[in-house]
Amino acid sequence: MTRTETAASHVREWSVASAIAALMLVLTVAAPGFFSRENLSDLLLANLPVLLVAVGMTLVIITGEIDISVGSIFAVCGVASGLLSKSGMPIWLAGAAVCLLGTAFGSLNGALVAYVGIPSIVVTLATMTALRDGLRWATEGAWVQDLPRSFQWLGLTQGRYPLVATVVTGLITAALAFGLRHLAAGRAVYATGSNPAAARLAGLDTSATRTCVFAILGTLTGLAAVLNAVRFNQIPTNAGIGLEMKVIASVVVGGASVTGGTGSVLGTVLGLVLLAATGPALTFLGVSAYWERAIQGAIILVAIAADGIRRPSFRRLVGAAAGARA
Amino acid sequence: MPVLLSASGISKSFEGVRALREVSFDLNAGEVHALVGENGAGKSTLIKIMTGAERADAGTLAVSGRTVPDMSPAMARSLGIAAIYQQPSLFAHLSVAENIALSLEAGRVWQRVDWAARRRRAADLLDEAGAAIDPDRLAGTLSMPEQQMVEIAKAIGAHARIVIMDEPTASLMDAEIERLFSVIGLLRAQGGGIIYISHRLEEVFAVSDRITVLRDGEAVATQATAAIDRPALIQTMVGRPLNDVFPKRPIALGACALEVRQLSNRALGLHDVSLSVSCGEVLGVAGLVGSGRTELAETIFGLEPADGGEILLRGVSVRIGSPSQAIQHGIAYVPEDRRRHGVVLEMPVAANASLASLAAVSSRGMIDRAAERRSAEGYVERLRIKTPSVSTEVGALSGGNQQKVALARWLSTGPQVLILDEPTQGVDVGAKAEIHALIQDLAERGLAIIMISSELPEILGMSDRVVVMHAGTVSGVLSRSDATQDRILALALAPTEP
């Protein structure tokens, strides 16, 4: 880790962090109620599952792929956790089984992308639709109810659950951030996304890398579904609608390029914090909640425009235009 | 004879590498003007500028005496300039008739399509070009020569007065070449001019009136075809300034490092390639673009595994099914197009250098960044890579230094056999000499080196032996003392025996 590298690659992290700081400053002055223990805890608990998925999505986007099926996987895994639990399985075991189910869905996506060679947007569009409608058909839209007592809060107390969930999510996030930076496997993820031909020539197995990142995203989506489901006493079959957009937006705002090769876990965390805080912040500031999505959209546009301006092709375009005028 | 097209003082650089330097070229009505030169001499760049695909840094273009300050592809078409490239550029999913119509009916967005007329015209034009192709066939189903004929029909249909043909015969058979020549005769009789680019010198002599030779981006000679003979032309093409000295020193060769026997790869059009290279030897691989040189490297490296024949390393037959297996066997491959296949532009120098040998800078599965930096710094010093630091992104370096980073990656795998594909392509003269010195140094350390190059002086200057390829197989092997530019060219152009 050196100065040049820091300066070059952490511009986005710093700008998102600054935006968060500015937002917090405004809230401190205008709506200190935002920082109440309850509000912050609600915000945190609601977004821990989103963070898990977003971290997985970071890996997928760095390899230059995308997965829009996470919302459907999330819904299927949530329902599965409830049904397994109702069948008498201990919640810990059910949770592990659901993570495996997520892994299976992710691996399927990944294998279709990496070995069959179908573009990831098409593969995951198909699995998104198939899983969502398969679930609707299987459950006939009925929510999972009458969950066993042990299901709620993973069998923990309402006081202990937030700590456990936060620690688990935090450890996983830190582990992936570390792996991406310090393991050879992490290098393979960046190289695959940046220049697959060169990565293959360097002896890296780019197909296995692609499959693995999808599988990891699937596992994390399964875990996220469990952590989310246990917060309520019934499980909706329409959970996770729009989750993929929320997650992809966090990753992109955090500095990952959808063309692959760049991005970081830290950036994604910051991106999610900024986007997730915007909605409640508006409420506290007395702005109509209808503005929430519009403002989030604007944040995404600013982030992407910043990418475009830094890209050489844009500079060439501007240069050519200037040349033509001269 | 009126001058149809004249280019004067054209200069062009790509990212600091000079492609053309004050080139002047003109084309008269009713003339075939051949443009010849080695690969990379600047022929393609010159035509791109004439057709508006690239903009010259300096110089002027004039068509029929009128200066055209801002040539664009659309402008070129309206001025009657048509180009036929070595690689046809048809729309694979459209029919032949539609492909022809697209180029001729440009600008009529709202007009209703008269399908019958389209078909008729396509059929007529194909007939005129002497091609028997059904206008309803999809362009994607055509063979290379057929696609080439469609391109020619397009040029005829556009009533082009200036037709640029870039290696038009590269994929044609003799009968088709005859037909092409009669089309050229037709165009020329109608007062058109043809710029004819070809590696096949006998064609150049058969068809052209004048010849311009490009070398290293400069137009070194323009002469009437009748006033020059083949040896003189070849010498003009390859002639170099005397200060271009190669650091070749004779060294004792070691044992045979790599041998391939009857290697075939149908997918890549490679068949029955046999060659061997010893420790300490530089084996030059010459041949025209498309003769199978890069495909040979890709097959040996396992990128596209062979489907026939044998690869022996130190006398032991091995199977190489993937690049990682090749790396384990001690083979390294520095590919041709470094931006596409060589370096990862967004990664720093250190990460690029370690990409193929991460295990060497890792302990217990974790990358030791300090070790990685140290290793990279060692190569920066040894290969004299000019970079602010090893954390600089490779995209910020010059072409020569990017190439050295690619080389560092492969040297750090500790290879016994090093395959270099166009190691000095697009690299400035200074870096070129350094890379040559490095190659010699590596050979002296006992590496077996296979060096693919389109530059004959490089091949002749650096190689102990030269393998010449033609049409997917070896057309001859020359020892250092036997190898001359003429012999290599002769083997590359018109093979005697496979």
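This is a predicted model: local features need pLDDT of at least 70, side-chain atom pairs count only at pLDDT 80 or more; totals for chains, interfaces and linings use all residues.

Me: What is the radius of gyration of chain A?
Reply: It is 21 Å, close to the 20 Å that the globule rule gives for 326 residues, so chain A is as compact as a globular protein of that length. The radius is taken over C-alpha atoms, and the rule is 2.2 Å times the number of residues to the power 0.38. The C-alpha trace of chain A spans about 75 × 55 × 35 Å along its principal axes.

Me: And how much of chain A is buried?
Reply: Buried residues are 45% of the 326 in chain A. A residue is buried if 20 or more other C-beta atoms, placed from the backbone, lie within 10 Å of its own, exposed if 12 or fewer, and partly exposed in between.

Me: Switching to the interface. How many residues of chain A are in contact with chain B?
Reply: 22 residues of chain A are in contact with 28 residues of chain B; contact means that the C-beta atoms, placed from the backbone, lie within 7 Å.

Me: Which helix of chain A gives the most to that side?
Reply: H8(A) does, with five residues. Helix H1 (3-9), helix H8 (184-194) and helix H9 (196-201) of chain A each supply at least two residues there.

Me: Now the inside. Which residues have the most contacts in the largest nonpolar core?
Reply: B:Ile419, B:Ile449 and B:Ile488, in a core of 234 residues. Such a core is a set of buried Ala, Val, Leu, Ile, Met, Phe, Trp, Tyr and Cys residues joined through C-beta atoms within 7 Å. Helix H10 (residues 206-229) of chain A gives the most to this core, with 13 residues.

Me: What does B:Ile419 touch?
Reply: Leaving out residues up to four places away in sequence, B:Ile419 touches B:Ala297, B:Ile300, B:Phe301, B:Ile331, B:Ala332, B:Tyr333 and B:Ile450.

Me: Last one, what domains is chain B divided into?
Reply: Domain 1 (3-238) and domain 2 (256-493), with bounds from an automatic or database domain assignment. Their centres, taken over C-alpha atoms, are separated by 34 Å.

Technical notes:
Residues are numbered from 1 along each chain as its sequence is written. Chains are lettered from A and ligands numbered from 1 in the order in which they are written. Two residues are in contact if their C-beta atoms, placed from the backbone, lie within 7 Å. Helices (H or I, at least four residues) and strands (E, at least two) are DSSP runs, numbered from the N terminus.
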